[in-house]
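Take a look at the structure below.

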Amino acid sequence: MNLNEGMTPKENSFLSEMVQASGVNFQACYQCQKCSAGCPVVDAMDLLPNQVLRHIQYGHRERVLGSKTIWICASCYTCSVRCPNDIDIAKIMDTLRHLAIRSGSKPGEKDIPVFHSLFLEEIKSKGRIHELSLILRFKSKTRDFLKDAGLGWKMFRLGKIKLLPSTFRGGREIKEIFNAFEKGEE
């Protein structure tokens, strides 16, 4: 069965957009579900990884961009490694996150896109993550100051969270990578 049969050009435009943005051949997916079977965070997802691919094939833009799955994906590459057709599903999830941010889609998880953006800003500005400043920025944006406070205190006591960031010499190179990506030079 041809996946494009009965589809309007509007529905098909999402598939075309995703093929262009990710460089992935979505038609190679024959729904073996190995990606979903190996995913370590699949229990928290509203769409399984193979279902995300199918929804893209059918042009269901809002369903995919509004899902929790694209934000819950840990980008561990287990799905990509397990795929018998070498479909880079982790790259697709990353492409979907970027597309969702650019298009202003309402996310399935309201705080995860905020964390995602702050995480990338932190890497771009400092070259690496300083957990304490990241979490303080996140808490100030979400206004959820006490959630996880006990865990944070425990991590601090165990030395897992440092008050000051460690030194790092590669910050300029990291900024250059981000700038090249933003200019589309990849």
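**From one residue to the whole fold**

Start at Ile56. Setting aside its neighbours within four places in sequence, Ile56 is in contact with Phe14, Leu15, Met18, Phe26, Val64, Ile92 and Leu96. Contact here means heavy atoms within 4.5 Å.

A word on the source. This is a predicted model, where local features need pLDDT of at least 70, side-chain atom pairs count only at pLDDT 80 or more, and totals for chains, interfaces and linings use all residues. Residues are numbered from 1 along each chain as its sequence is written, and side-chain values use heavy atoms, with hydrogens and water left out.

Ile56 belongs to the largest nonpolar core, which has 30 residues. Met18, Phe26, Ile56, Ile87, Ile92 and Leu96 touch the most other members. Helices α1 (9-22), α3 (49-57), α4 (61-65), α5 (69-72) and α7 (89-103) each supply at least two residues of this core. Helix α7 gives the most, with seven residues. Such a core is a set of buried Ala, Val, Leu, Ile, Met, Phe, Trp, Tyr and Cys residues joined through side-chain atoms within 4.5 Å. Buried means under 20% relative accessible area, exposed over 50%, and partly exposed in between (1.4 Å probe, protein chains only). In soluble globular proteins, nonpolar side chains tend to be buried together.

Now step back. The protein has eleven helices and zero strands. These are DSSP runs numbered from the N terminus: helices are H or I of at least four residues, strands are E of at least two. The C-alpha trace spans about 60 × 35 × 30 Å along its principal axes. Of the 186 residues, 33% are buried. Among contacts between residues at least 6 apart in sequence, 62% join residues at least 24 apart.

Next, move to Lys126. This residue is found in helix α8 (residues 112-126). Leaving aside neighbours within four places in sequence, Lys126 is in contact with Ser133, Phe168 and Gly171. Between Lys126 and Leu15 lie 36 Å, C-alpha to C-alpha, and they are 111 residues apart in sequence.

Finally, confidence. The pLDDT is the predictor's confidence in each residue, from 0 to 100. The protein averages 85, and 92% of the residues score at least 70. Over residues 1-11 the pLDDT is below 50. Beyond near neighbours in sequence, that stretch has 14 contacts in the model.
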